[in-house]
Amino acid sequence: MLEAEHELEQATSARPQDPTRLAAALEHAVDACRRWPEAASGVLYLPELLGELSEAYEQLGRTEDALDTMRSAITAGYAGAPDPRCRLAEITR
């Protein structure tokens with residue numbers, strides 16, 4: 001868990017940000033949350049990570065992955081204003 005958190009911190013703080021590196025770090029963090037939910041509790045928040053991963057996929061031109069990941073984020077409890085389902089429409093534009 002600490003490795004995933006550290007990797008994510010490094011990827012998000014890098015300037016300029018590398019979307020490929022960010023997507024890999026987010027994938028690792030999502031995997032860690034799913035494998036060890038007890039350890040991730042209070043440290044990493046799966047719905048938010050999935051939302052960010054969806055954005056990274058969108059930046060990389062991976063539209064289908066972005067859509068699938070955003071659907072997973074919504075199912076996991078991703079919330080926001082406007083309604084997070086609006087992100088699905090934004091991705092398909």
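A search of the whole structure finds six salt bridges, a salt bridge being a side-chain nitrogen of Lys or Arg within 4 Å of a carboxyl oxygen of Asp or Glu. The model is predicted, so local features need pLDDT of at least 70 and side-chain atom pairs count only at pLDDT 80 or more, while totals for chains, interfaces and linings use all residues. Residues are numbered from 1 along each chain as its sequence is written, and side-chain values use heavy atoms, with hydrogens and water left out.

One of the salt bridges joins Asp 31 to Arg 35, with the closest N and O atoms 3.5 Å apart. Both residues belong to helix 2 (residues 19-35), where they are four residues apart, about one turn of the helix. Helices here are DSSP runs of H or I with at least four residues, strands are runs of E with at least two, and both are numbered from the N terminus. Asp 31 is partly exposed because its relative accessibility is 35%, whereas Arg 35, at 54%, is exposed. The cut-offs are under 20% relative accessible area for buried, over 50% for exposed, and anything in between for partly exposed, with a 1.4 Å probe and protein chains only.

A salt bridge also links Asp 83 and Arg 85, and here the closest N and O atoms are 2.6 Å apart. Asp 83 has a relative accessible area of 33% and is therefore partly exposed; Arg 85, at 54%, counts as exposed.

Glu 90 and Arg 87 form another salt bridge, their closest N and O atoms lying 2.9 Å apart. The two are three residues apart in helix 6, so about one helical turn separates them. Glu 90 is partly exposed, with a relative accessible area of 33%, but Arg 87 is buried because its value is 15%. Salt bridges with shared partners join Glu 58, Arg 87 and Glu 90 into one network. Apart from neighbours within four places in sequence, Arg 87 is in contact with Ser 54, Glu 55, Glu 58 and Met 70, contact meaning heavy atoms within 4.5 Å.

Helix 6 also packs against another helix. The axes of helix 5 (residues 63-76) and helix 6 (residues 85-92) come within 10 Å and cross at roughly 180°. Helix 5 is therefore roughly antiparallel to helix 6. Axes are lines fitted to C-alpha atoms, for helices over the stretch in contact, and angles run from 0 to 180 degrees between N-to-C directions. Angles under 35 degrees count as roughly parallel, over 145 as roughly antiparallel, 65 to 115 as roughly perpendicular and the rest as oblique.

On the helix 5 side, the residues that meet helix 6 are Thr 63, Ala 66, Leu 67, Met 70, Arg 71 and Ile 74. Their counterparts in helix 6 are Arg 85, Arg 87, Leu 88, Ile 91 and Thr 92. By class, the contact holds six nonpolar, two polar and three charged residues. In this scheme Ala, Val, Leu, Ile, Met, Phe, Trp, Tyr, Cys and Pro are nonpolar, Asp, Glu, Lys and Arg are charged, and the others, Gly among them, are polar.

Thr 69 is also found in helix 5. With a relative accessible area of 10%, Thr 69 is buried. A polar atom of its side chain lies 2.7 Å from the backbone oxygen of Asp 65. Not counting residues up to four places away in sequence, Thr 69 touches Leu 50, Leu 53, Ser 54 and Tyr 57. Ser 54 is also among the residues in contact with Arg 87.

Methods: A polar contact is a pair of N or O atoms within 3.5 Å; within protein, one must be able to donate a hydrogen and the other to accept it, and residues adjacent in sequence count only if both atoms are side-chain atoms.
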